[in-house]
Amino acid sequence: MREQALDDALAAAASALGEGDPVVARARLSPFEPLATTDRQVARSWLELLRQTPGERLASGELEVVARSKRILTAFPNDAELVAIGCDALIREAERLPPDQPPPPAGAAHTAVAIVQRCLESLAQPDRDDSERLGYLQIGLANALRLAHLYDRAGAAYRAALKRGPEHGWWWFNYGLLLKAQGDFKEGLAVNDKALAKLGPERPVLWNIAICATALGEGKRAMEAYQRLGIPCIVNDAGMPQTRDLPAAQVRVASVGPGHAGPTTVPDRAVSFELVWVSPLSPCHGVVQTPTYRQASIDYGDVVLWDAIPVSMGRSGGRQVPRFPLLTRLRQGDEYRFRFIALQRRRGAIEALEGPSLEGGQLFVHRPPEGTEELLYGKLVLPASTDLATFRQAFTERIQSIAGLELVVPEMLEALGDTAAAGKAHTMWRGLERTIEKRRDD
């Protein structure tokens, strides 16, 4: 016979969760936590609590939703209702991770995939015959696969779920998130239009319509979505959406090593993130204004598309700066972008070249994190109209006029077809690096 104290605790916890007060719910449930693997009502209450408390960690440091969901649903692996609730709790946790960041293999998304897949594979016939219950399991699996970045499997799961529940507007929206992540903006726009038809002008749907339309060059569609969001927007002469006077922002892009030493503690082959400044043309696209240090899919002058929700906030010039995850490059810039190495025998010597340079170009220096500036790396950016032979002569003379500075740009010599000079420049590059390495070893 059940204890009255347990029934009272479950009722109080349910009331607290209904009022959005997980602190009270946790206090009432905690004494009965050991029963979560044997008593279905206790299990359900704990899963409901986990759904409202993403980000909580146990004393061990493990995410509570991952640890407790595993424990509870190992005890109730074939209970479709409990699995659906647990999956939703795990998905809410997985959604806290920025979309451009690889999900951890043992994290919330992968845990949800394993739990729901196991349940679907052993589902009892009455649950298989319940179209709504099966649909919720399938959409849970689809969302978990998307958040685990298992995109191909996620697509099949979304289509299976939508066959059972095509009336669910938010399921269409979630499918649109997958298509956006895959870069399938044409299908993404069509799917978000279905979500719009079923949900009305919900802000997340309008944002994704604006993003997909921008990617496709459908400026009018993007403008209409922005205007419905209350954002002033026009269609410019290039047929793209444009919002005036937007402040500079930053975009985060994945990159790998540049193939040489330099101001980084990240191994050359390891993937890391870089931030580049962008000049927005609309809330979700604009022109890159600073070059990347490592090898990336974008660089200075490219027109790029980013997602609407920042991954973080920075500060510059006394204001907060949003940092958005990159979606794709819309158009490659036509500028020349040449890497250089410079040795300063006199501190600050390179400052005479920094910023706007000859022929409308610009020299960017990547500052070492440790603050030593004897050996420097960066990029020289030149307009596509630059006469490289003329620039080379003028730039060489300018470098020679600066005391205490050696600077080589092998890629510019390669672009000029001067193979012999480029080879010497690469040799000098390696020589400058070895000189500094030897000094540090001594």
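In the lining of the largest pocket, α10 gives the most, with four residues. Helices here are DSSP runs of H or I with at least four residues, strands are runs of E with at least two, and both are numbered from the N terminus. This is a predicted model, where local features need pLDDT of at least 70 and side-chain atom pairs count only at pLDDT 80 or more, while totals for chains, interfaces and linings use all residues. Residues are numbered from 1 along each chain as its sequence is written, and side-chain values use heavy atoms, with hydrogens and water left out.

Back to that pocket. Elements that each supply at least two residues to its lining are α8 (131-147), α10 (169-182), α12 (203-215) and β9 (319-331). The lining has 28 residues, and nearest the centre lie Pro98, Pro99, Arg146, Lys180 and Asp307. By class, there are 19 nonpolar, three polar and six charged residues in this lining. Nonpolar covers Ala, Val, Leu, Ile, Met, Phe, Trp, Tyr, Cys and Pro; charged covers Asp, Glu, Lys and Arg; the others, Gly among them, are polar. The space in the largest pocket is about 910 Å³.

A word on terms. On a 1 Å grid over the protein atoms alone, a pocket is an open set of points where a 1.4 Å probe fits, with protein on both sides within 12 Å along at least five of seven lines; lining residues have an atom within 4 Å of a point. Points are joined across faces, edges and corners, and the volume is the space filled by probe spheres set on them.

The second largest pocket holds about 370 Å³ of space. It is lined by 20 residues, and Asp88, Tyr136, Ile139, Asn143 and Trp171 are the closest to its centre. Two or more lining residues come from each of α3 (40-52), α5 (80-94), α8 and α10. Here α5 has the largest share, seven residues. The classes are eight nonpolar, four polar and eight charged residues.

Buried means under 20%, exposed over 50%, and partly exposed in between, using a 1.4 Å probe and protein chains only.

Last, the rings. The whole structure has nine aromatic pairs. In the pair Trp170 and Phe173, the ring centres are 5.3 Å apart and the planes stand at 90°, so this pair is edge-to-face. Rings of Phe, Tyr and Trp (its six-membered ring) pair if their centres lie within 6.5 Å; planes under 30 degrees apart are stacked, over 60 edge-to-face, and the rest tilted. Both residues sit in α10, three residues apart, about one turn of the helix. Trp170 is partly exposed at 36%, whereas Phe173 is buried at 10%. Tyr336 and Phe338 form a stacked pair, with 5.5 Å between centres and 25° between planes. Tyr336 is partly exposed at 27%, and Phe338 is buried at 5%.
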